[in-house]
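Please keep the sequence and the coordinates at hand while reading.

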Amino acid sequence: MSNTLIHKANGAGHALPNLPDYDATRARFSWALERQALRGLPGGGLNIAMEAVDRHLQNGRGDQVALRCLSRGGAAREFTYAELAAETGRFANVLRTLGVQPGERVFSLLGRVPELYLTVLGTLKAGAVFCPLFSAFGPEPIRARLELGGGRVLVTTPTLYRRKVASLRAQLPQLEHVLLVGEDADGEDTRSFGALMAQADTGGRIAPTGGEDMALLHFTSGTTGRPKGAVHVHCAVLSHYVTGRLALDLHPGDVFWCTADPGWVTGTSYGILAPLVIGATLIVDAEEFDAERWYGILQDERVDVWYTAPTAIRMLMRLGDEVPGRFDLSRLRFMASVGEPLNSEAVIWSQRVLGRPFHDNWWQTETGGIMIANFAAMDIKPGSMGKPLPGIEAAIVSPAPDGTLAFVPDGEQGQLALKTGWPSMFRGYLGEDTRYRTCFVGDWYLSGDVARRDADGYYWFIGRADDVIKTSGHLIGPFEVEDVFMQHPAVAECGVIGKPDPVAGEIVKAFVALKPGFEADPALHDELMAHARKRLGAVVAPKELEFAAHLPKTRSGKIMRRLLKARELGLPEGDTSTLENT
Ligand code: ATP
Ligand code: MG
């Protein structure tokens, strides 16, 4: 790991950070106090859409742009908070007309089009449950999720419907309504989203949901195995509010851009809900990654806060240092990353080339919101995930055979655990009660990730419990090895696995993808092996290194080490429903 420290003596930028002093904010933090910022519903209820949208009409934000949707070539489409309130109310009325009852599931299979946002928030207003799917999914992952989730409504486009869903209809008796967005939307067993909206009115009350009523269903990324359906409830909105404010340093009126795919939990928690609850202006780009386009958006839309993922940052780094210099990024105040480990090299690169560091933060589909973060006013140790959010108690533990937990001393590795009780904690894995229960020991939720805490209270990611490598009596985290390769100028991406070995138990094997302009030849192979040995020592350094054009990734951009391993060993690949096409 790098020894660099990115010092934040004066905070990160132009606005005073929401969390100016970590220890002080943590000491006086109270969920009950934070809850007072929310409006709630008459009679003590709580509804995410009320907090994200309609609440702002009462606090003078009705005319502010809530959503600004960009697409290639097209004019931007904007919705003020008042317009968003009206249009999401309209969609809630559409669902009521269709007979959708509170608690029933509404799925989306959409890219980042305006109708996605109306669907999410309108569904919540109707008291129904929203579940997003990746629009790039093939028919089988779509079928499996709609079936498990009991989807009653699906909102998609005519093309996606024809290609992926039409042939499945007979197998999905619960799927009563398919609403198609866009022109050419009429069909025999589908309805036109636009026509239904035109017939519905905008008024109507928000369903009287309680904080513990189910609001969202999110499937995990499938990095370690078959995706699980995590159930979330309306009071998660308190976590969205607090984490958006403290971990992303979002202020009301900020221009915020989150690049996450809508099919992934980040696409909902931070691509939609948290920034709206805070009263930011959300930039939405319908297009996929394109480095120059992205720098252009940061400049032209005057983005204040930007939330993206390591895989995108690595692609920006791969493009080189010259391109960002052509853009005016001076407005950008805070940049954050999530989804998989952010290599220390990426943090140092961003500080050097973009003039400000990426702030890594850690959370999971199950946690519903950010749990561990690098905060705007806190020094960054590149390669570290940061410290637990105020209101969140984290620990490094080791489950003992008698069913209790031992707390592991600082500096040593163990499982990252969180004390239960934060608002956005998942309330179940749909249809998998036993699996849900085994995630908990007493008051603690076991994340399945291995990490360590240093003496200053910073958390360092080591790997998934499933991915940690045991070699000659040592436990090695793949991230530590990958991080060292990422420091070499030729390396664009790296994935490290343990390969069974009769003597050592496992040996470390690295798969490396190179940056443009580098040749995968024996000389570079030996140079990389020597680079790793010098920094990691003979025990931790890989014994084998293989060049790969691409590494297998999930649709949320995570390297799938289990697939590298299965392919290496000639084993079945297991669930590949979330595998990105490379
Ligand atoms: P599955 O549970 O289906 O295997 P997944 O765990 O990748 O998939 P998500 O809930 O999308 O599904 O991802 C959460 C996981 O991503 C975390 O448990 C952790 O392993 C990884 N992760 C997220 N953020 C970070 C981070 N900042 N540093 C390291 N790892 C991270
Ligand atoms: Mg997981």
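Strand β14, residues 358–362, is mostly covered, with five of its five residues buried; strands are DSSP runs of E of at least two residues and helices runs of H or I of at least four, both numbered from the N terminus. Buried denotes under 20% relative accessible area, exposed over 50% and partly exposed the range in between, for a 1.4 Å probe and protein chains only. In a regular strand, side chains alternate between the two faces of the sheet. On one side of β14 lie Phe-358, Asp-360 and Trp-362, on the other His-359 and Asn-361, and all are buried.

This is a predicted model, in which local features need pLDDT of at least 70 and side-chain atom pairs count only at pLDDT 80 or more, whereas totals for chains, interfaces and linings use all residues. Residues are numbered from 1 along each chain as its sequence is written, chains are lettered from A and ligands numbered from 1 in the order in which they are written, and side-chain values use heavy atoms, leaving out hydrogens and water.

The neighbours of β14 come next. Strand β13 (residues 334–337) runs parallel to β14 and is joined to it by three bridges; two strands pair if DSSP finds at least two bridges between them. Within this pair, Ala-336 stands opposite His-359. Strand β15 (residues 372–373) is antiparallel to β14 and is joined to it by two bridges, with Ile-372 as the bridge partner of Trp-362.

These strands belong to an open, mixed sheet of nine strands in the order β2-β1-β11-β10-β12-β13-β14-β15-β16. Its edge strands, β2 (77–80) and β16 (387–388), each pair on one side only. Strand β12 (residues 305–308) pairs with β13 in the parallel sense over four bridges, and Thr-308 stands opposite Ser-337.

Attention now turns to helix α17 (residues 561–569), which contains Arg-562. The buried residues of α17 are Arg-561, Arg-562, Leu-563, Leu-564 and Ala-566. Their cover includes α15 (478–486), β26 (491–501) and β27 (505–514), where contact means heavy atoms within 4.5 Å. Among the residues that Arg-562 touches are Gly-222, Thr-223, Glu-573 and Asp-575. Just after α17, Gly-570 adopts a positive phi of about 65°.

How values were computed: Lists of a residue's contacts leave out its neighbours within four places in sequence.
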